[in-house]
Amino acid sequence: MNGVPLVAYLLVGLFMFTIGVVGVVIRRNPIVIFMCIELMLNAANLTFLAFARYMPSSNVAPTGQAQAVMSGQMMVIFVMAVAAAEVAVGLGIIMAIYRLRQNIDIDEMNLLRG
Amino acid sequence: MEGNQSFNLIWLVLGFPLFGFLIQSLLGKRIEKAFGRRVAGFLAVIPIVAAFGVAVLLTKQLAGMDATQRAEVGVVQTLFSWIKIASINIPFEVRIDTLSMTMVLIITGIGSLIHLYATGYMAEEKDYTRFFTYLNLFIAAMLILVLGNNLALLFIGWEGVGVCSYLLIGFWYKDLANSRAANKAFIVNRIGDVGLTVGMFLLVVLLAGNKDKLGIDGASGRWLSYDVMLPHLGELLKGNPGMTTAIALCLFVGACGKSAQFPLYLWLPDAMAGPTPVSALIHAATMVTSGIVLLNRMNIVFQMSPVASAIVCIVGAFTALFAALIAFGQTDIKKVLAYSTVSQLGFMFMACGAGAYWVGMFHVTTHAFFKALLFLGSGAVIHAMAHNQDMRNYGKLFKYIPITAVTMFIGYFAIAGIPGLSGFFSKEAILGYALANDHAQISGVNFSYIVGWVGLGVAMLTAFYMTRMTLLTFNGKTEQWRSIEPHHHDEHDHAHDDHGHHDHAHHAHEDHGPDEHGFFYTDEELAAQPHEHEHHHDLDKNHTPHEVPVSMWVPLVVLGVLSAGGGYVLANNHLFEHWLYPNGLSVLKELEEHPHHLPGGLSLMAYSIIAAGLGIVFGAIIYFRGLPKKEGWDESKWSPFRRAARDQFGYDNAMVSASVDGGRDLATFSWRGLDATVIDGAVNGSGWLATGIGKVLGWLQNGFIRAYAAGMLLGGVAILGYLAYALFTGVKK
Amino acid sequence: MFNFPAPTIDWVIIAPTMIVSITGLLALCLEMIWPKRDNTWIIGVSLVGLIMAAVSVVAQFSYPEATTFSDTVIRDRFALVMQLLLIVAAFCSLLFSESYLRDKRISYGEFYPIILWSLVGGMVMVTTRNMLLMFLGIEILSIALYVLAGLSRSESKSEESALKYFLLGSFASGFLLYGVALLYGATGSLDISAIASAWPRADLMHQTLLVFGFGMVFVGLGFKSAFVPFHQWTPDVYQGAPTNVSAFMAAGSKIGALAALWRFLEGAEGMKAIWMPALTVVAILTMTAGNLAALVQKDAKRVLGYSSISHAGYILVGILAHFAAPDKVGFGSLAYYLLSYTLMTVGAFAVVSLGANKGKEGTKFEELRGLWRRSPFAVACLIVFVASLIGIPLTSGFAGKFMIFGDALKANLTVLAIALAINSILSVAYYLQMIKAMFVDDVEGDEVIEKRPVSLGMTTVCALCAGGIVAAFIFTPVVIEFLVGKS
């Protein structure tokens, strides 16, 4: 691990985030779009963990190194929980739509516009 | 002073009429339906009587205070913080001092009598509770006007009474003439309000610029409250004579509007279209006096400006004379009283202009007694005469309505200035102060002295035309209405054949005045309107007048007693003067009370008695035997003077043509020339542009999730891009 | 092993949040015990719970500022006031919900616990300076609203709005979260105030992180507050979602997001030279785009959606005025405006919800014609709401706008003040259309409007909101003093 610099993790994170963003914009299937959003969240998670791991002691807030590292890691756990909750709700909504119209292509969904 | 808990009761005085207003407006109809009119009317009278009771208690308490304290400082009660912007703090607060409590007593006292009277007078009208709703609201607004401790609150009350007056004049709104009279009153009052507001703003500007220099209560920001402002105002105005006169004149324009002085008196005679109790309450006893209250309240401004005072004097005297002359040409009993009100208000302004502010208030008080009495009495006559208001149909009424007649005679003697009755004391004080002082000067000419003599002449005229009115109504040889044939519906058409005069009886108010010009309606609209006189029952020869019910004559008797004795009690030992101004005025300390050298070596009292006596004698000679031939129904036989007087010497016509026709031309030009091309073009253009952009935005709003996400992304990238640009190009700090 | 002390907990501070959460649980239990019954008890419990929460908030007004849960939850005047406003928003939305849901034939008892928990999310957002909690608050608020937006399961529009809101909301959360990650990297803390201390001593690398982190968090919060260009979901979702949910969404989630934005900008005040111009442009765009797009709308709920966008713009002006001149402008105008905004928006949505009948809902202008005859009182109240939305005197909308205008001038943001004034005029046109539809236009032909009785809840909410608007105008100084305390 020592050999890998912080910036590499950040770049991977940024790359994942970009893929996620682009995916949201170009894909049509709401499930895939949602997967892309998950990708964005996980990119953020990776960034959190990388920062936590490489937290330099010079850059630490008054609360102390341990807490600084911990808070990043806690954040990741909470984000995972939130993502799970979003999946539950999101899939529920997609299911409801499928039942209603037998089709989940979001490009055919623009009743509300103007 | 805040510790003086018992003055908290003042909120009851304000609250009772408001409460009555709420009851009448929200539940009135139901109460009327469930318990009958009597109960509904009772519920309208009670709050005013209760307010009067509390006001009496408070006045007693105030009387127990030190004389200077109670008149010049008063007690301030704050309800809540109302306007708070920057360094201005205008709380909702009232000032209890001798001036405000005097007015409160008049308003609630006379008000409750008139309410009581109205329960009888309006008993057969539709919309009974609507009437009392307005009446209660009016009392509340008037109380705010006199009690408010700053000009902003005064303005609230000022506009409040304006609105109520409008609603009440137009109470019988189905009759077009009434609606128009209401509109006219409203609009003419607005002109006055412009003056008042400009005056207030000038005052604010003056104060705002100097408050720190003078150290006026900068901390609390209450520098617009009377108790903070007034003591410093004299000092402040001293250095700004031009500004002082400007403020004084602006305030006076406002006062002219409400108190019906010369250029703006137009609305008051037309306001007689409202029910008679309204005429009594609003257009005689209370609302029209608010101009005098304003002058008293802000007297320091007028004391500092002799020029403005002279103008007040001149306008007052001219109005008094002008209105008295017009009164000779009127045949409608209420119109005579209306012009007499205008004339008496002119007297009050003469007093204020001469610097005798307390006398102005004194005349307000006595006038409230006898004019309310006369109006209510005339209402009783009208009531007895099946709502016919033309004096040419009256005559020999004494024996039918004796109580009304006796009380009205008292009122008539009071206004004519018979010694011992209330009007005598106040009128004489006015003339005395005017003749004896020289405050009202313009470049050395003592206008105060001149208007004193004019006033004396008008006093004679007053006695004269009041004699005319009273005798035509109660005396004479014939019962005039006996010559009217009974008709069915089309009174107007048939009347032409045998009794040409009846047309005048009903259209008296349409021969002149606003209608000719179509003040607010075109002729076609007018023609299309059916002439509904809902309140109009026919008067014909089979009619027998009856005395009015108890609820109506009790107020008459009470007011009769007040009109007779009120003046003596208040004038005795300078009671009223010391109550209002125990230490005299702050600037004009050395006012003379009696003129020293009058020509002929006679005292003023002698002159007054002679004037009143002459007036009465002249009147009696001409009118004792009833309607003279040359004042009959055929108005072409009238003397030229009388016809001119009937038409207000052309003034109303001229004003209305100028404003209505001129206004119409101006409006047509601005409509065709400016509005349709330039402004509409710009408005439509920008409207078209806005709608166009809206459509584009709507098109962007195409409903596709991915498009929205892309929009967010682009927006986010743009913001991030700008932030990065700002960071790297060093915009930082 | 490191020492891990359990944090001391001040229960008083979190009492309002706890009360609302527990009320939600109770409501859920009631629904489980008596399923498919009428919801009277559930509503009763919910309303009582909200009142208790409000009392527990107001009771704390006199308490000193404090923090608990290792400084993550704070109590200051701002937090208390915002909680109170959220509770008011939820209370008013709940009042008219039952009759509306029943008219729409979707009166599921789950609605009540879910909206209460959504409220909890909002309350968490406004009581914290910690970005973890802020994120959690946003998600609790949003996830509950995703569910509620799709409450009307048989209606394509409702489902579509739920999906839109869900996907775009999660997308925005992704930005927010990534921004938080960057800020964390730069400061080593999740506390917003750490940004303030980190900025002055940051090198260019850290500054870049901070600025980008700020921008991304702003995207997330801007989405929730419906700022242009993150606003496009708003009209669609408001239109599709059940009207009572739209009401809470418009009021509640906006209060939460704007309060969070306020806290966030407080931390980022040091770099205001960088973000101020960008946010100024956002504010102008938000006001203008919201109003212009509303001009051509034909649906009352969409109009309210766009109007809520432009109001977000007005509020942003107030916020920016504070940060441009922090010592001259406090949060009084913001709190006052939010209060008035809550009352008028919830009230307006409540009246529009009268368009629902027998399982259907028509909110287009032509479908609302003659509503005046059906429910005169409610529509009369609508006049007050619309007057307030326009900003006509005698309503709190006027006083609020006036104060924000004054603040903008005080802070020398003249351009914003002018934009605000112009937009107020623009907005008159489309609000009047709404009034015209309900008052002036009558139904054509022989269609008879039966005068349906209006539920007690609806009457109450109309009276409360309209009375509140007028009272708040008359007693403006009193209200502000109540909100921000004696200065």
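**Helices 7 and 9 of chain C**

I looked up the crossing of helix 7 of chain C and helix 9 of chain C, and it is left-handed. I take left-handed to mean that the near helix is turned anticlockwise from the far one by less than a right angle, right-handed that it is turned clockwise. Helices here are DSSP runs of H or I with at least four residues, strands are runs of E with at least two, and both are numbered from the N terminus. This is a predicted model, in which local features need pLDDT of at least 70, side-chain atom pairs count only at pLDDT 80 or more, and totals for chains, interfaces and linings use all residues. Residues are numbered from 1 along each chain as its sequence is written, while chains are lettered from A and ligands numbered from 1 in the order in which they are written.

Helix 7 covers residues 156-187 of chain C and helix 9 covers residues 204-225 of chain C; they pack at an angle of about 155 degrees, with axes 7 Å apart. Axes are lines fitted to C-alpha atoms over the stretch in contact, and angles run from 0 to 180 degrees between N-to-C directions. The angle therefore makes helix 7 of chain C roughly antiparallel to helix 9 of chain C (under 35 degrees is roughly parallel, over 145 roughly antiparallel, 65 to 115 roughly perpendicular, the rest oblique). I sorted the residues of this contact by class: 17 nonpolar, seven polar and no charged. Nonpolar covers Ala, Val, Leu, Ile, Met, Phe, Trp, Tyr, Cys and Pro; charged covers Asp, Glu, Lys and Arg; the others, Gly among them, are polar.

**Chain C and C:Val352**

I counted 20 helices and four strands in chain C. Of its 487 residues, 66% are buried (20 or more other C-beta atoms within 10 Å; exposed is 12 or fewer, partly exposed in between; C-beta atoms are placed from the backbone). I then picked C:Val352, which lies in helix 14 (residues 332-352) of chain C. Why does C:Val352 count as buried? Because 27 other C-beta atoms lie within 10 Å. Beyond neighbours within four places in sequence, C:Val352 is in contact with C:Thr243, C:Ala300, C:Lys301, C:Leu304 and C:Thr363 (contact means C-beta atoms, placed from the backbone, within 7 Å). C:Met438 is 86 residues from C:Val352 in sequence, and their C-alpha atoms are 9.7 Å apart.

**Chain A against chain C**

Chain A has three helices and zero strands. I found 38% of its 114 residues buried. Its contact with chain C takes 42 residues from chain A and 35 residues from chain C. Helix 3 of chain A gives the largest share of the chain A side, 19 residues. By class, that side has 32 nonpolar, seven polar and three charged residues.

**Chain B**

I checked helix 16 (residues 357-384) of chain B against helix 23 (residues 550-571) of chain B: the angle is about 155 degrees and the axes are 9 Å apart. So helix 16 of chain B is roughly antiparallel to helix 23 of chain B. This contact divides into 13 nonpolar, seven polar and no charged residues.

Last, I read the pLDDT, the predictor's confidence in each residue from 0 to 100. Chain B averages 80, and 90% of the residues score at least 70. Residues 489-522 of chain B fall below 50, with 51 contacts in the model beyond near neighbours in sequence. Residues 529-536 of chain B are also below 50, with ten such contacts. Where pLDDT is low, the predicted coordinates should not be read in detail.

Notes: Contact = placed C-beta atoms within 7 Å.
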